[in-house]
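Dear colleague,

Please find the structure below. My notes on it follow.

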Amino acid sequence: MKEVLLDKRLQTMVKEYVPQGEILDDLVCFFSIFSDYTRLKMISALAITEMCVSDMATLLKMNQTTVSHQLRLLKNLNAVKTKRQGKVIFYSLRNETLNDVLLKGVEFLGY
């Protein structure tokens with residue numbers, strides 16, 4: 001095993017800061033939200049307004065099955081919430097933090 005060059009204080013800080021266990025699992029799930037083109041488009045659209053599946057499919061030029069599948073994943077990840085009006089279900093972002101993370105990514109890339 002190689003000798004660590006960092007002093008003990010920095011070693012301790014690194015060990016305490018690096019996520020582990022349930023926190024690490026939850027972070028991996030959270031960031032998986034951003035790892036798909038379709039989900040990124042949907043999050044961007046939902047940052048503007050709540051939408052039903054058919055409107056989102058039409059506006060994003062996707063089929064309804066794909067949109068429904070991705071919305072179900074986003075709902076399971078607690079990224080979106082739903083509201084029923086009669087037979088129509090409207091989706092919206094659970095909170096603005098999701099859009100903030102997306103915008104930080106855009107900022108990081110320099111756009």
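A salt bridge here is a side-chain nitrogen of Lys or Arg within 4 Å of a carboxyl oxygen of Asp or Glu. This is a predicted model, in which local features need pLDDT of at least 70 and side-chain atom pairs count only at pLDDT 80 or more, while totals for chains, interfaces and linings use all residues. Residues are numbered from 1 along each chain as its sequence is written, and side-chain values use heavy atoms, with hydrogens and water left out.

Salt bridges

By the rule above, the count comes to 2 salt bridges. One joins Lys83 to Glu50, with the closest N and O atoms 3.0 Å apart. This pair links distant parts of the chain: Lys83 belongs to strand E2 (residues 80–85), Glu50 lies in the loop between H3 and strand E1 (51–52), and the two are 33 residues apart. Helices (H or I, at least four residues) and strands (E, at least two) are DSSP runs, numbered from the N terminus. Both partners are partly exposed, Lys83 with a relative accessible area of 36% and Glu50 with 32%. For these labels, buried means under 20% relative accessible area, exposed over 50%, and partly exposed in between (1.4 Å probe, protein chains only).

Glu107 and Lys104 form a salt bridge as well, their closest N and O atoms being 3.6 Å apart. These two residues are 3 residues apart in helix H6, so about one helical turn separates them. Glu107 counts as exposed at 53% relative accessibility, and Lys104 does too at 52%.

The nonpolar core

A nonpolar core is a set of buried Ala, Val, Leu, Ile, Met, Phe, Trp, Tyr and Cys residues joined through side-chain atoms within 4.5 Å. The largest one has 20 residues, and Ile43, Leu46, Val67 and Leu71 have the most contacts inside it. Two or more residues each come from helix H3 (37–46), helix H4 (53–60), helix H5 (64–76), strand E3 (88–93) and helix H6 (97–109). H3 gives the largest share, 4 residues. Leaving aside neighbours within four places in sequence, Ile43 is in contact (heavy atoms within 4.5 Å) with Ile33, Phe34, Leu74, Leu93, Leu98 and Leu102.

The sheet

Two strands pair if DSSP finds at least two bridges between them. The model has an open sheet of 3 strands in the order E1-E3-E2, with antiparallel pairing. E1 and E2 stand at the edges with a single partner strand each, so one side of each has no neighbour in the sheet. E1 pairs with E3 over 2 bridges, and Cys52 stands opposite Phe90 in E3.

Ser92 is also found in strand E3 and counts as buried, at 14% relative accessibility. Not counting residues up to four places away in sequence, Ser92 touches Leu46, Glu50, Ala79, Val80 and Lys81.

Other points

Ser68, in helix H5, is partly exposed with a relative accessible area of 27%. Ser68 and Asn95 are 27 residues apart in sequence and 20 Å apart in space, C-alpha to C-alpha.

Regards
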